[in-house]
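Please open the model in the viewer and keep a selection panel at hand.

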Amino acid sequence: MKLITVSGPPSSGKTSLIIKTIESLKAQNIKVGIVKFDCLYTDDDVLYEKAGILVKKGLSGSVCPDHFFASNIEEVVQWGQTNNLDLLITESAGLCNRCSPYLKDIKAVCVIDNLSGINTPKKIGPML
Ligand SMILES: Nc1nc2c(ncn2[C@@H]2O[C@H](COP(=O)(O)OP(=O)(O)OP(=O)(O)O)[C@@H](O)[C@H]2O)c(=O)[nH]1
Ligand SMILES: [Mg+2]
């Protein structure tokens, strides 16, 4: 199983990009699952389910979502392996802007809205 982490500021288009990408992966018979991390609220799981994608979500509550990611990633990988996934994608908004939801040697994608402002790369720090 391969793992890819997708991050980006809230509402930047992460879920839209992932769903479009999975459509073409499915056509190649690649089994994909998603784990969505967020802080307080997300309905992305509903969007993924509607698209017929296996999904699990985790809300970090009062904890930084990137730290929550780090402390849950092993369980997430086990979930992917149990479901015989070829590809596991994590989606996280990286909300604290001081940490990042990335792992060494694991492919990472950062989605930013090209209208979000010229200084966005400086503001979102290690996420980019
Ligand atoms: N115009 C335009 N709208 C887009 C594009 N991509 C996504 N959207 C819209 O932007 C909104 C947010 O997109 P999502 O894909 O849910 O963004 P997200 O980063 O997953 O959001 P969160 O997970 O809630 O942080 C939705 O209403 C999308 O339909 C795009 O390329 N162009
Ligand atoms: Mg999303």
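Helices and strands are here DSSP runs numbered from the N terminus, a helix (H or I) having at least four residues and a strand (E) at least two. The model is predicted, so local features need pLDDT of at least 70 and side-chain atom pairs count only at pLDDT 80 or more, while totals for chains, interfaces and linings use all residues. Residues are numbered from 1 along each chain as its sequence is written, chains are lettered from A and ligands numbered from 1 in the order in which they are written, and side-chain values use heavy atoms, leaving out hydrogens and water.

Within residues 4-97 the chain is 41% helix and 24% strand, with 20 Å between the end C-alpha atoms.

Next, display the strands. Five of them form an open sheet in the order β3-β2-β4-β1-β5, with parallel pairing; two strands pair if DSSP finds at least two bridges between them. The edges are β3 (54-59) and β5 (107-110), each with a single partner strand, so one side of each has no neighbour in the sheet. On average, neighbouring strands of this sheet are turned by 20 degrees against each other, direction ignored. Zoom in on β2 and β3, which pair in the parallel sense over six bridges; glycine 33 has leucine 54 in β3 as its bridge partner.

Colour Lys14, Thr15, Ile18, Ile19, Ile22 and Leu25, which are buried (under 20% relative accessible area; exposed is over 50% and partly exposed in between, with a 1.4 Å probe and protein chains only). They lie on the same side of α1, because they cover an arc of only 125 degrees around the axis, taken from the directions from the helix axis to the C-beta atoms. Lys20 and Ala27, on the other side of α1, are exposed. The buried residues of α1 pack against β1 (2-7), β2 (32-38), α2 (44-50) and β4 (87-92), contact meaning heavy atoms within 4.5 Å.

Finally, select leucine 40, in the loop between β2 and α2. Leucine 40 counts as exposed, at 69% relative accessibility. Apart from its neighbours within four places in sequence, leucine 40 is in contact with Leu59 and Gly61.

Methods: Axes are lines fitted to C-alpha atoms, for helices over the stretch in contact, and angles run from 0 to 180 degrees between N-to-C directions.
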